[in-house]
Amino acid sequence: NRKKDWWKQAVIYQIYPRSFQDSNGDGIGDIQGIIGRLDYLQELGVDAVWLSPVCCSPQDDNGYDISDYQDIDPMFGTLADMEELIEEAGRRNIKIILDLVLNHTSDEHRWFKEALKGKENPYHDYYIWRDGKAGILPNGLKAGFGGSAWEWVPELEQYYFHQFSVKQPDLNWENPKVRREIYDMILWWMEKGIGGFRLDVIDQIAKEPDRLITSNGPRLHEYIRELSRETFQKGCLITVGETWGADVERAKLYSSPDGSEFSMVFQFEHMGIDQQEDGEKWDMAPFSLSRFKEIMEKWQTGLYGCGWNSLFWENHDLPRSVSRWGDDGEYRRQSAKMLAILLHGMQGTPYIYQGEELAMKNVKYGEEDYRDIETLNMYKERLAKGYNKADVMHAIHARSRDNARTPMQWSGEENAGFTEGNPWIKVNPDYTEINVRQQLADTDSVFYCYKQLIALRKQYAVFTDGRFEMLMKEDEQLFAYTRSSEKDEILVYVNFSGEEAAFTLPEKWVGAKVLICNERSKKKEVVKPYEAAILYRKK
Ligand code: TEU
Ligand code: CA
């Protein structure tokens with residue numbers, strides 16, 4: 001059995017199952033497909049795999065609308081496939097992390113169907129209802145994917161509350177029966193040998209819509225502590241909450257070393273870096289490196305010794321990092337390695353999103369090739385509001401969630417080796433150049449950079465324990481920091497720009513061992529565009 005905090009040394013790989021590997025030619029990735037690729041994940045060296053939702057779902061939001069928490073959607077396979085996956089992964093020392101969507105269910109969940117039957121139905125109070133009149137909304141709260149957060153049900157003369165799509169009614173966490181059902185379901189999954197959970201929009205469960213409170217509600221930490229006590233604390237799990245609303249103070253509660261809530265949370269402050277202050281994610285703003293550094297430093301120092309960071313640049317909701325912050329043209333390889341080295345040197349548990357280890361890029365599709373509900377709703381909404389179509393498409397190309405959801409690129413064969421059928425979403429046409437087969441055959445590939453970083457984390461404890469210190473805070477090209485523990489330290493320096501930069505290695509680092517680097521400049525006092533390295537020394 002493992003140490004309670006085994007996840008501090010772990011690296012997690014995120015799989016978006018419908019886009020990872022299809023095994024039966026229906027164009028949709030599935031669990032058997034994942035099982036067939038476990039050797040690849042073992043080669044990379046990851047300790048756990050977080051699967052985006054695979055439970056039964058009408059797929060209005062690609063599985064984030066669950067209609068049965070205790071069964072697998074036939075599109076992905078069966079419960080027996082899931083058990084096989086847990087076992088086969090376990091054989092390779094890989095844990096399986098399940099995505100729990102507890103803020104809402106699908107409107108096709110049995111509970112909601114019952115709830116619709118009448119106000120007296122025992123399941124009615126599993127959801128959030130307000131009496132009213134057709135056309136007169138309880139208030140102005142908006143839903144995540146556009147439109148009002150209130151949906152009228154004429155038969156009941158009531159509105160139900162949904163923070164995401166109309167097919168994702170919010171659960172009523174104030175009802176203790178709801179909480180109990182959820183705990184029992186989680187315990188059932190724990191019995192099956194699940195290694196951990198990622199908790200979708202968990203900061204939104206304690207909503208109080210009458211007071212316009214959606215995230216960070218007053219009872220939030222009370223609910224999470226109860227949830228943790230009743231479930232996770234009975235095992236040796238990794239748990240990670242998705243919390244867009246977290247600041248450092250809150251994150252200390254969520255990831256408290258006493259284990260009362262989660263192992264860690266995803267915070268998103270750095271993801272707002274290139275977005276307009278009062279705009280939506282589609283309203284872009286220029287990137288500022290010094291601001292970016294300020295944010296990363298705040299989190300690195302803020303949680304030191306009293307919490308734990310999740311480290312990530314990508315997930316299934318975000319654009320590809322090499323396209324966003326690197327250079328996906330001339331310097332694709334160099335800048336992708338820079339981003340990897342920069343992130344993996346920090347304190348926390350790193351997450352790699354499928355394809356990130358290949359430096360997969362954003363796509364530029366025409367509107368008919370997008371599948372994501374958020375993208376499609378925004379497109380309609382903004383065109384109706386009179387936005388210029390070219391501007392809307394520009395935003396979609398940069399920000400659509402589908403950028404991360406194109407099929408995994410395994411080889412240069414048709415459909416990138418993802419499927420023998422018709423893929424549910426188009427493969428990025430660059431797959432002939434960017435794919436697993438090509439990168440496994442090239443020791444200088446981005447893949448091997450990730451593999452090496454994962455191995456280094458296991459070899460040098462300073463990656464886990466070292467205290468973070470930022471260097472050259474004001475510099476608009478260089479991002480450099482040290483991590484030091486009692487006996488040793490590392491220096492991570494990267495050029496975050498596409499231009500050469502002046503850089504003088506601090507005296508004490510001259511001659512230090514190079515743990516990893518991409519191409520290094522031969523000129524003195526100068527680093528190449530996107531140059532990156534980690535140096536090591538004993539104290
Ligand atoms: O995302 C949370 C969330 O707030 C998203 O709406 C996010 O703001 C958006 O995707 C950014 O573009 C989680 C899941 O990760 C996401 O895939 C789901 O759609 C959402 O919850 C609803 O369950
Ligand atoms: Ca399939």
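Mentor: Start with β14 and β15, the latter covering residues 478-484. The two strands pair in the antiparallel sense, over five bridges. One contact to pick out: Glu-469 has Thr-482 in β15 as its bridge partner. Keep in mind that this is a predicted model.

Now widen the view. β14 and β15 belong to an open sheet of five strands, with antiparallel pairing. Read across, the order is β14-β15-β16-β20-β18. The edges are β14 (467-471) and β18 (513-517), and each of these pairs on one side only. On average, neighbouring strands of the sheet are turned by 20° against each other, direction ignored.

Where does the rest of the chain go? The protein is divided into three parts: domain 1 takes 8-103 and 176-450, domain 2 takes 110-161, and domain 3 takes 464-538. Between the C-alpha centres of domain 2 and domain 3 the distance is 55 Å.

Next, the annotation. UniProt, in an unreviewed entry, places the feature "domain: Glycosyl hydrolase family 13 catalytic" at residues 14-405. Over residues 14-405 the chain is 31% helix and 12% strand. The end C-alpha atoms of that stretch are 12 Å apart.

For contrast in pairing sense, go to β13, residues 349-353. Strand β1 (residues 12-15) pairs with β13 in the parallel sense, over three bridges. There, Ile-12 stands opposite Tyr-351. Strand β12 (residues 310-311) also pairs with β13 in the parallel sense, over two bridges. Ser-310 has Thr-349 of β13 as its bridge partner.

Burial in β13 is simple to state. Five of its five residues are buried. Thr-349, Tyr-351 and Tyr-353 point one way from the strand. Pro-350 and Ile-352 point the other way. In a regular strand, side chains alternate between the two faces of the sheet. In β13 the residues pointing either way are all buried.

Last, the ligand. Ligand 1 is surrounded by 14 residues. The closest are Asp-61, Tyr-64, Gly-144, Phe-164 and Asp-317. By class, the shell around ligand 1 divides into seven charged, five nonpolar and two polar residues.

Notes
Residues numbered from 1 in each chain as written. Chains lettered and ligands numbered in written order. Predicted model: local features only at pLDDT ≥ 70, side-chain atom pairs only at ≥ 80, totals over all residues. Near = placed C-beta within 6 Å. Nonpolar A, V, L, I, M, F, W, Y, C, P; charged D, E, K, R; others polar. Domains from an automatic or database assignment. Pairing = 2+ DSSP bridges. Helix = DSSP H or I, 4+ residues; strand = E, 2+ residues; numbered from the N terminus. Axes fitted to C-alpha atoms, helices over the stretch in contact; angles between N-to-C directions. UniProt positions renumbered as here; feature names shortened; annotations may be inferred. Buried ≥ 20, exposed ≤ 12 C-beta atoms within 10 Å, placed from the backbone.
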